[in-house]
Amino acid sequence: MLRIGIVGCGKIADGHVEQIRATGRGDVVAVCDREPLMVEQLAERMRIPGRHTDLATMLADERLDVVHVATPPDSHLPIARQAMEAGCHVFMEKPFALTADEAAAILDCARANGRRVSVNYLYNFETPGLELAELLEAGRLGDIVHLDTHYGYNLSGDYGLAVMGDPGHWVHRLPGKLFHNVLDHVLAKIVPHIGDDFSVRTCAFRRRPATGNAMVDAMPDELRFLVHDGKVTANGLISAHGRPVAHALKVVGERDSVELDYAARTLVHSARQNQPSAIGRLFPAWVQSGRFARNGVRNLRRFGRHEFHYFQPMRVLLTRFYDAVNDDRGVDPIPHAHILRVCRMIDAIVADIGRQP
């Protein structure tokens, strides 16, 4: 059993504790936050013995194997460096770092200290994401031609209200503001298919009415972007206003295309017309309905196995990360090159937004 500590005792820390325990691979022995009340509320609810307000003290006293970092991204580099230099592996909440340069510094530190580092790109380990990986490995889609990714969020939800109601919220300190905190989820799905030599074009704007607060009103809430590496293109749509709130990906291949809905946990092959004329237009709807029905049956079975909860993909990711921690020859569940490419894309998108009039 790995001895695990958590830095940052906000809302997301609950999910980390629950899924660490669910893996059966580790025990959360300590938590740390600069705010003592945050430490106590998490430790009391989750029955965690070690309680600290200083990272150095936790690292010295608790003999940790792994540190989970669940703090705002502007603190990730110093925390990760301190933990890895103390001999700990690190699992990072997204965004991985504030900039690509800081991400590279974290990855360099991991290599220099012989430690593992990963990040909570959980949706790649969602059921449709895993099915997509199997299709790609089997060559069923052929070479990827294009990707369409759609991510929505609700400004009336808990997260949106916290950001919009508090000009001092840490999201306002991010170079990409509201988008910076969700772009990882969008880009982590496409970076395995986009090379390092890419270009980015963006359109960002505020669609909501002005509030009168300059800091809040300066924050766009709609983003469109196009990424192109000379061979593959990807369109991105991040929307606070589109309904229903979507989380989807379409992958267009030379042989076949698939559409993933991460909210419904479905993956279906795109409809195609195999028969001529009007008859050919009659059958695809029935074929698609059968495909969705099979997805529904699979999801029902997963529900029965207690594998349908929100953080199930995080459990899969953590299990693979801990496997790599315990095996010197193990494979990182998320390649370092993909982590760095995500951060480079975020930098490029933020820079292009900044160039808009």
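1. Arg302 and Glu131 are both buried in this predicted model. The two residues form a salt bridge, with the closest N and O atoms 3.2 Å apart. The pair links distant parts of the chain: Arg302 belongs to helix H11 (residues 277-304) and Glu131 to helix H6 (residues 127-137), a separation of 171 residues.

2. Asp196 and Arg341 make another salt bridge, whose closest N and O atoms are 2.8 Å apart. This pair, too, links distant parts of the chain, its members being 145 residues apart. Asp196 sits in the loop between helix H9 (183-187) and strand S8 (199-205), while Arg341 is in helix H13. Arg341, at 10%, falls under the 20% limit and so counts as buried.

3. The salt bridge between Arg329 and Asp327 has its closest N and O atoms 3.9 Å apart. The cut-off for a salt bridge is 4 Å, so the pair qualifies. Arg329 is exposed because its relative accessibility of 76% is over 50%. Asp327 has a relative accessibility of 31% and counts as partly exposed.

4. Which residues are linked in a network of salt bridges? Glu40, Glu44 and Arg51 are linked in this way. For the structure as a whole, the number of salt bridges is 20.

5. On helix packing, the pair to look at is H5 (residues 100-113) with H13 (residues 336-354). Their axes come within 8 Å and cross at roughly 165°. Angles over 145 degrees count as roughly antiparallel, which means that H5 is roughly antiparallel to H13. The crossing of these two helices is right-handed.

6. The residues of this contact can be listed by helix. From H5 come Ala100, Ala103, Ala104, Leu107 and Arg111. From H13 come His336, Leu340, Cys343, Arg344 and Asp347. By class, the contact of H5 with H13 comprises six nonpolar residues, one polar residue and three charged ones.

7. Arg344 and Asp347 of H13 are among the residues in contact with H5.

Note on methods. Residues numbered from 1 in each chain as written. Predicted model: local features only at pLDDT ≥ 70, side-chain atom pairs only at ≥ 80, totals over all residues. Heavy atoms only, no water. Axes fitted to C-alpha atoms, helices over the stretch in contact; angles between N-to-C directions. Helix = DSSP H or I, 4+ residues; strand = E, 2+ residues; numbered from the N terminus. Parallel < 35°, antiparallel > 145°, perpendicular 65-115°, else oblique. Left-handed = near helix turned anticlockwise from the far one by under 90°. Contact = heavy atoms within 4.5 Å. Nonpolar A, V, L, I, M, F, W, Y, C, P; charged D, E, K, R; others polar. Salt bridge = Lys/Arg side-chain N within 4 Å of Asp/Glu carboxyl O. Buried < 20%, exposed > 50% of the residue type's maximum accessible area, 1.4 Å probe, protein only.
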